[in-house]
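Please look over the sequence and the model shown below before reading on. The paragraphs that follow walk through a few backbone features, loop by loop.

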Amino acid sequence: MTHFLAVYWPHILAVLSIAMGATAAIHAAMTKEEVRAAIGWVGVIILSPIVGAVLYAVAGINRMRRASLSLQRSAFFQKNAFGDLTSFDADGDSVAAQLGGRFRAMKTLGDRVASHPLTTGNTIERLETGDAAYAAMKAAIDGAERSVILETYIFDRDPIGLRIADALIGAAKRGVAVRVLIDAVGARYSVPSIMGYLKEGGVTVDLFNGFIIMGLRLPYANLRTHRKILVVDGRVAFTGGMNIRQGFTREFAADDCARDTHFLVTGPAVADLFNAAAADWRFSAEETLKGEAWSIATPINAPGAPVMMRVITSGPDRSLETNHKMLMGAFSVARRSIRIMSPYFLPDRELISALVTAARRGVEVDIVVPAANNLKLVDHAMTAQFDQMLKNYCRIWRASGAFNHSKLMVIDGAWAYVGSSNLDPRSLRLNFEVDLEVMDRGFASTLEAHIGAILENAEPVHLSALRARPFWVRLVEKVLWLGSPYL
């Protein structure tokens, strides 16, 4: 056998290379929906025999196959005079009457691409600081009587994390059903992790997609849950962009605290946020949350009352690019203004074209990014892309002050989109995200005014200034931009 291998190893290697390369190339061509991704992987496979096929097997195949939760919202709903939760579903006529016919098209789009319906009878409260958000979350957990489910990307073992953890432990000791799901990468931002502390306190906790290569913290690993969801007693929910860490509070970080925006939600949207978190919990812990403890409380408002809201879940499974499709639709119906806040603004060519087309139609397009960014490579990469929008009537602003992690969007002061999604390839294609589509002029106008106040102290980015910088700076930014799908 040894003699055979010594004589024929080149032939064996050639056959192995062809077999592996052909298999990998065929798989890429047949499964990739984006032609650039397919061409890129086929090129790597052909130009790097064996190594390219191995790389594709490790990083190119989406192995995220999740069974649908298949849980009806009404199964968890405590029925009353309103009947089941479908009585809260919004209809196209109501949307058109309140916001205009073009937003009926947004409802139709959401109905066809999203997993959850547009519902009425919701409330939403903006929590502008970490101090306010964490205090409200802790108060809700402290008052829990039946159940608490928390899903988050980062849950640091710092004073704020321990404060929330102690509230969860206290709830568990009172007999409340408590489930905590932390992303496997996000859990490793603190050493030691908060996981052990929660387990020792009697909290049932698990990791999302827990296989991390060699146990390392990989901040740019794919297929993460970037969702932030807290649901208490099926009655109240918190969601938005805020992780659990002390750096977002003035209490511990003083004037240098990072900024973010979180939201307190009540109404039938709570059921859909619960289902999103429960689906991720079942995927990770193989436990279906059911029974009286996990029932959904009766909404305070009657069907048809404000606010109209839809929970948008997206991720590298059957909800791939749902957030991307919703944004494309929103940009296409805009007539007056598009205002966007995003810490990481790296939209793909389709979204850039939609924004540019809107600006050319006369829509005022304002994009606000932080002046101080916590991810320098991402900041340089997105700066390399600014010229594509600035030369086509869009305006870009650098917000002053500490880093702002908020993800906010308003169309014509009527339609809002808030949540965990950044406008970058990771959020739009690789992470599991949760956002809220809010159709309410009161909420949208308040959010628009909030962004407007930030614009008053922001510095505009000028195309001439970008082009006047040294060539080597612009070159480095372009090189980083080429790697933007992996940042």
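## Backbone features in the loops

Val-307 is found in the loop between α10 (269–285) and β8 (308–314), where helices (H or I, at least four residues) and strands (E, at least two) are DSSP runs numbered from the N terminus. This is a predicted model, in which local features need pLDDT of at least 70 and side-chain atom pairs count only at pLDDT 80 or more, while totals for chains, interfaces and linings use all residues. Residues are numbered from 1 along each chain as its sequence is written, and side-chain values use heavy atoms, with hydrogens and water left out.

Val-307 is joined to Pro-306 by a cis peptide bond, whose omega is about 10°. The loop between α10 and β8 also holds Glu-286, a residue that is not a glycine and yet has a positive phi of about 55°. Glu-286 counts as exposed, because its relative accessibility is 72%; here exposed means over 50% relative accessible area, buried under 20% and partly exposed in between, computed with a 1.4 Å probe on protein chains only.

Which residue in the loop between β5 (229–232) and β6 (236–240) deserves a look? Asp-233 is found there, and its phi is near 55°, a positive value in a residue other than glycine. Asp-233 has a relative accessibility of 6% and therefore counts as buried.

A further cis peptide bond, with omega about 0°, joins Val-191 and Pro-192.
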